[in-house]
Each structure stands twice: as C-alpha cells, then as structure tokens.
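Have a look at the sequence and the structure first.

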Amino acid sequence: MALREYVGLKKIQGPFVLVESVPGVGYGELVTIIVPSGRERLGRVVLLDERATLVQVFSGTDELVPESTRSRFLGKGLSLTLAPSILGRTFSGLGEPRDDCGPVYGGVSRDVNGLPLNPMARRYPRDFIHTGISAIDTLTTLIRGQKLPIFSGNGLPHNQLAVQIAVQSRLVGAENFAVVFAGIGIKHDDAAFFVRELVEKGKTNNLVMFLNLADDPVIERIATPRMALSAAEYLAFDLGMHVLVILTDMTNYCEALRELGVARGEVPSRKGYPAYMYSDLASLYERAGVLRDAQGSLTQLPILSMPNDDITHPIPDLTGFITEGQIVLSRELDAQSVYPPIDVLTSLSRLMKDGIGKNYTRDDHPNLASQLFASYSRVQEVRALAGVVGADELGKIDKSYVEFGEAFEKRFLAQGKDEDRDIGQSLDLAWELLHVLPRSELTRVSLEQISAHRKRGG
C-alpha cells in the first residue's frame with residue numbers, strides 16, 4: 001500500500017493534531033509526524049471524520065508548526081515483532097528494546113490490539129499454578145487460564161509481591177512456563193528495582209519484560225499492556241507455552257484513559273473516567289484463557305492500586321466484574337509487618353474449587369481451606385468481643401481462637417520475600433496451626449482427615 005503524506009495541520013491541541021481531508025484512513029492506523037527539523041514522531045489515528053482526522057502523537061506536540069509539519073499515514077496499526085528470542089529481553093512500552101541487545105530479527109509482526117478469546121473456543125480453566133505464596137496457593141488459588149487481579153493501595157508492597165510471583169511461579173508438571181511482566185507508568189526507582197531483581201540476578205530465562213515509565217508519554221501507557229499481551233499470545237498459542245502475564249499498575253493505565261478522554265473532549269462518566277472503560281478493560285482481560293485446540297495457555301495477574309483504598313472505586317469495581325475473583329492487600333496487616341499482607345477474608349478465587357483437591361493439589365486442600373476461612377473469620381469476631389469485654393474475660397475456646405489468629409498471621413500469612421513454599425508445606429503448616437483449636441471446632445474437615453493430618457492431643 002502506497003504511503004500518503006500531507007503537509008500542514010489544521011489544529012494542535014495537547015497531544016493531538018488535526019489533519020484535514022485524509023480519505024481511506026483506518027482507526028488506530030499509525031502516522032509518522034515529521035517536524036520542520038526533520039525529526040520523526042509516531043502517532044496513531046484516534047478519531048475519524050469525513051472532513052478531518054484526529055491523530056494522537058506519542059511523544060507530544062512541542063516543536064510542531066501547523067503550516068510545515070508533515071503527516072505520513074502508514075496504512076497499518078501498531079505492531080510488535082515476535083520471535084522465540086524475545087525470552088530474556090526487556091522492551092519499552094512501545095516494544096522498542098531497552099536492553100541494548102538490538103531489535104528482534106526473523107520473527108513475525110503482529111498487531112498489538114489483538115482480540116478477546118472466543119468463549120466457544122475456550123476450555124474450562126483448571127490446573128493449579130504454583131506461586132510459592134501460602135495465602136495465594138492455599139486460599140485464593142491461581143488457576144491456569146484464569147484472570148485474578150491483585151487489589152492493593154499506595155505504599156503497599158504490591159511491586160515486591162509481583163516480583164516474587166514472577167520469580168517463583170510455575171505450572172506443576174510443565175517445563176514450558178513463561179512470565180510476561182509489564183510495568184505501566186512506573187516510577188524510575190520501581191523500574192530499577194524490577195531490572196535489578198529480574199534481570200541483573202539472572203532470572204529472565206523464561207521472562208519477557210515491558211517497562212513504561214511515569215515520565216514517558218501518556219499514550220504509551222495505552223500501548224504497554226497490549227504489547228505485553230501480544231507477546232504472551234505469541235508464546236502461548238504459537239509456541240505452545242503456558243504464560244503468566246503480570247500487569248502493574250493498571251490504575252496508571254486507567255488514569256491515562258481518563259487523561260486522553262478529557263483531552264479529546266469526551267463526556268466523562270463515574271469520577272471522570274470514560275464511559276467505555278469497562279469495555280476497554282474487558283478487551284484486555286478477556287485475552288486470557290485456555291483454547292481447546294491449542295497446547296499453550298494465558299493466565300493474567302493484573303495489579304491495581306485502589307485510590308484511597310476504596311474497593312468501590314470504578315477501577316477495582318469494573319475489574320471485579322470482568323475477572324474471576326481478587327486478591328486484596330491489607331494496610332492493617334502491612335502495619336503489623338506481615339508480608340505479604342493478604343486479607344484472605346476479602347480475597348476470592350472463583351475458579352479455585354475446580355483446580356484443587358485430588359489430582360491437582362492434595363485431597364485435603366478444599367476442606368482445609370474452608371476450615372481456615374471459617375476459623376480466621378471467627379478470630380475477627382472474638383477480637384471484636386475482646387475489644388469490648390477485655391481479653392481476660394474471654395472463654396477458653398475464644399482464647400484458643402486468639403492464639404490461632406496470631407499464629408495464622410505471623411506464621412502462615414507472613415513469609416520471607418524470597419521464601420518459596422511448596423503447596424504441601426503450606427497445607428502441613430495449616431494443619432499445625434489448627435492444632436491450637438479444640439477438635440470440636442474443626443467442623444469443615446472430616447474425621448479421617450483430622451486423623452491423617454492433625455497432630456494428636458488436640
């Protein structure tokens with residue numbers, strides 16, 4: 001297709017330029033903007049009209065002169081070159097190399113927008129993905145093909161948790177496992193932390209990383225998760241690998257959507273976010289799954305920081321509608337130096353029940369998880385009662401729940417930042433902690449399981 005070039009701009013407004021009378025242009029088409037000095041900038045078509053075309057410029061519109069700036073329409077969308085050699089590489093939010101190893105050669109070029117997986121082509125997600133985190137593996141189990149977000153807050157250690165999962169995660173019984181890690185709108189010190197922990201420590205044999213920095217153009221944040229998902233789809237459905245995609249921080253992505261929507265003059269919806277944010281997020285999250293006729297799979301673990309710790313905010317609210325559960329980080333547990341500070345009572349994995357138990361993890365896992373939830377829930381009730389009548393006035397059983405709650409938080413939820421616990425270790429530790437409760441309180445596990453796994457003398 002012949003390239004079309006036009007001289008002059010009708011209008012420049014923020015990161016947008018308006019070009020008059022451009023026939024045959026497609027939405028999302030790439031545009032090269034050539035400034036009078038000869039330097040080139042990349043943009044893309046975001047609005048179409050018979051009379052004019054609105055182009056979003058990735059690197060901003062400073063130095064542009066309306067009369068002499070040229071616009072070259074490339075006839076294609078934003079794409080990414082993919083090959084097996086992307087494993088171990090680090091790219092920018094636009095898919096450009098950040099590791100001084102040069103471009104990717106000999107691969108295929110894919111449009112990064114992709115498509116959500118056809119529901120009729122999917123296979124029901126099963127199979128446990130090991131993260132090495134007891135609270136996740138035991139109580140909010142991540143299943144292959146699932147999309148399970150982490151709801152965090154500003155200042156909570158979600159970046160540390162993201163790195164630990166990226167390093168420790170694996171699909172039990174499978175060697176062809178890979179991680180695609182995307183940092184969206186992250187600060188420079190966070191980017192340095194990711195590079196130090198994932199690249200410099202030599203943990204990238206099965207990892208591809210995309211880093212979009214906070215001072216990069218806002219429009220790049222819109223492209224970054226799409227770049228990461230396109231790389232993941234190639235590894236999963238072309239190379240037959242099982243891929244875990246970690247996206248942090250999706251709140252920065254949604255803030256970019258809002259900022260660009262305001263710049264375009266769109267009518268805002270809840271809290272100023274665009275009305276189409278639900279469908280936009282769904283177009284990303286629904287690219288996860290397991291296909292019936294493909295060997296690989298794509299699992300998503302998006303991380304988002306809730307503004308003001310508000311779980312009803314539009315970003316976590318809409319994410320919760322699309323995904324299959326959530327892992328919630330607790331500021332209260334973090335203040336008690338519990339890492340990772342996962343609030344198991346507000347966390348949920350909706351696909352957990354079909355990926356644990358016999359032939360997946362261990363026979364006692366479903367009942368044991370239910371018992372832990374019930375017992376820890378009772379702990380909160382007893383603590384509330386102790387706050388009213390005093391701890392000394394509690395009965396013997398209630399005091400055993402207080403003891404269990406402290407041990408559960410300090411020994412089960414809390415673990416080292418490099419500690420990789422096997423699912424068997426986590427389940428055995430859970431049985432050990434339940435030993436402090438009277439046997440009559442263990443109503444969610446069978447007598448056979450108590451005899452087989454619980455220490456004598458309870």
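## Ground rules

The model is predicted, so to speak of a local feature takes a pLDDT of at least 70 and side-chain atom pairs count only at pLDDT 80 or more, while totals for chains, interfaces and linings use all residues. Residues are numbered from 1 along each chain as its sequence is written, and side-chain values use heavy atoms, leaving out hydrogens and water.

## Rings that meet

There are seven aromatic pairs in the structure. A pair here means rings of Phe, Tyr or Trp (its six-membered ring) with centres within 6.5 Å; planes under 30 degrees apart are stacked, over 60 edge-to-face, and the rest tilted. Take tyrosine 376 and phenylalanine 408: their ring centres are 4.7 Å apart with the planes at 40°, so this pair is tilted. Tyrosine 376 belongs to helix H9 and phenylalanine 408 to helix H10 (residues 396-413), so the pair ties together parts that are 32 residues apart in sequence. Helices (H or I, at least four residues) and strands (E, at least two) are DSSP runs, numbered from the N terminus.

Phenylalanine 408 also pairs with phenylalanine 412, this time stacked, at 5.2 Å centre to centre and 15° between the planes. These two sit four residues apart in H10, about one turn of the helix. Are they buried or exposed? Phenylalanine 408 is buried, at 0% relative accessible area, and phenylalanine 412 is buried at 0% too. (Buried is under 20%, exposed over 50%, partly exposed in between, with a 1.4 Å probe and protein chains only.) Ring pairs link Tyr376, Phe404, Phe408 and Phe412 into a cluster.

Most residues other than glycine have a negative phi, and most peptide bonds are trans. Threonine 248 and aspartate 249, though, are joined by a cis peptide bond, with omega about 15°. Another cis bond runs from tyrosine 339 to proline 340, with omega near -5°; proline 340 is in the loop between helix H8 (331-335) and strand S21 (348-349).

That loop between H8 and S21 also holds serine 337, whose phi is positive at about 65° although it is not a glycine. Serine 337 counts as exposed, at 67% relative accessibility. Aspartate 127 has a positive phi as well, near 80°, and is partly exposed at 27%.
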